[in-house]
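Mentor: Let us work through this one by question and answer. Keep the picture open beside you.

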Amino acid sequence: MMALVEAAKGPDTPFKISLVASDRPDAAGLAWARERGLATFALSPKGIGKPAYEAELDAALRDAGTDRIALAGYMRLLSDDFVARWRGRIVNIHPSLLPNYKGLDTHARAIAASDAEAGASVHIVTEELDAGEVLGQARVPILPGDTPETLAARVLAEEHRLYPRVLSEWCAR
């Protein structure tokens, strides 16, 4: 998220940040965004349920004038109804070379499979987990002695370069 916010400051960047949203009101990224004067939305679905939470999120996004959503670190599955309302207008970054290793524990799975490389993918969000069209990827070699943590750190550095570039290309279409 921080890489996207920083990239959005560029005069020629085809996207702007209209809202930073989280399902965790205590998320550090929200405080960081507020310090920079960005609009934020924070609401936990606990106690109100997924449909009510997503209705509030949808309303906040629309009220902010959002026309596309870029997920970053959002670890909650969106409902089919929410995805359908925003069809073709939600992207996500995933820490694997999709279609490999959808879901969680991607780095450990790549190491366990003795893959030569890992990486990150930016993709369109669909109702199927990590299955939408891949818009861009960054590759990272898996080094001897890598752990999920060391690999994750190198992949994250590439994510910070990949996501703003791909988001810019996608928004410029």
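**Loops, helices and charged pairs**

Mentor: Start at Pro 99, found in the loop between strand S4 (90–94) and helix H5 (106–112). Helices (H or I, at least four residues) and strands (E, at least two) are DSSP runs, numbered from the N terminus. This is a predicted model, where local features need pLDDT of at least 70, side-chain atom pairs count only at pLDDT 80 or more, and totals for chains, interfaces and linings use all residues. Residues are numbered from 1 along each chain as its sequence is written, and side-chain values use heavy atoms, with hydrogens and water left out.

Trainee: Is the peptide bond from Leu 98 to Pro 99 cis or trans?

Mentor: Most peptide bonds are trans. Look at omega: from Leu 98 to Pro 99 it is near 15 degrees. That bond is cis.

Trainee: Tyr 101 is in the loop between S4 and H5. What phi does Tyr 101 have?

Mentor: Most residues other than glycine have a negative phi. Tyr 101 is not a glycine, yet its phi is positive. The value is about 60 degrees.

Trainee: Is Asp 130 buried or exposed?

Mentor: Asp 130 lies in the loop between strand S5 (117–124) and strand S6 (134–141). Its phi is near 50 degrees, again a positive value in a residue other than glycine. Buried means under 20% relative accessible area, exposed over 50%, partly exposed in between (1.4 Å probe, protein chains only). Asp 130 has 8%, so it is buried.

Trainee: Which residues of helix H2 (residues 28–35) are buried?

Mentor: Ala 28 and Glu 35 are exposed, so set them aside. Helix H1 (2–8), strand S1 (20–22) and strand S2 (40–42) are among the parts that cover the buried ones. The buried residues are Gly 29, Leu 30, Trp 32 and Ala 33.

Trainee: Which residue makes a side-chain polar contact with Thr 66?

Mentor: Thr 66 sits in the loop between helix H3 (50–63) and strand S3 (69–71). At 12% relative accessibility, Thr 66 is buried. A polar contact is a pair of N or O atoms within 3.5 Å; within protein, one must be able to donate a hydrogen and the other to accept it, and residues adjacent in sequence count only if both atoms are side-chain atoms. At 2.6 Å, the partner is Ser 18.

Trainee: Which residues does Thr 66 touch?

Mentor: Contact means heavy atoms within 4.5 Å. Residues up to four places away in sequence are not counted. That leaves Ser 18, Leu 19, Leu 61 and Trp 86.

Trainee: Which residue forms a salt bridge with Asp 23?

Mentor: A salt bridge is a side-chain nitrogen of Lys or Arg within 4 Å of a carboxyl oxygen of Asp or Glu. Asp 23 is buried, at 13% relative accessible area. The closest N and O atoms are 2.7 Å apart, and the partner is Arg 76.

Trainee: How many residues apart are they?

Mentor: Asp 23 is in the loop between S1 and H2. Arg 76 is in the loop between S3 and helix H4 (80–85). The pair links distant parts of the chain, 53 residues apart.

Trainee: Which salt-bridge network includes Asp 58?

Mentor: Asp 58 and Arg 85 meet in a salt bridge at 3.7 Å, N to O. Arg 85 lies in helix H4 and Asp 58 in helix H3, so the pair ties together parts 27 residues apart in sequence. Asp 58 is buried at 10%, while Arg 85 is partly exposed at 37%. The network links Asp 58, Arg 62 and Arg 85.

Trainee: Over which ring does the charged end of Arg 62 sit?

Mentor: A charge sits over a ring if NZ of Lys or CZ of Arg is within 6 Å of the ring centre and within 35 degrees of the ring normal. The charged end of Arg 62 is 4.6 Å from the ring centre. The ring is that of Trp 86.

Trainee: How many salt bridges does the whole structure hold?

Mentor: One more example is Glu 169 with Arg 165, at 3.3 Å, N to O. They are four residues apart in helix H6 (residues 148–172), separated by about one helical turn. A search of the whole structure gives a total of 11.
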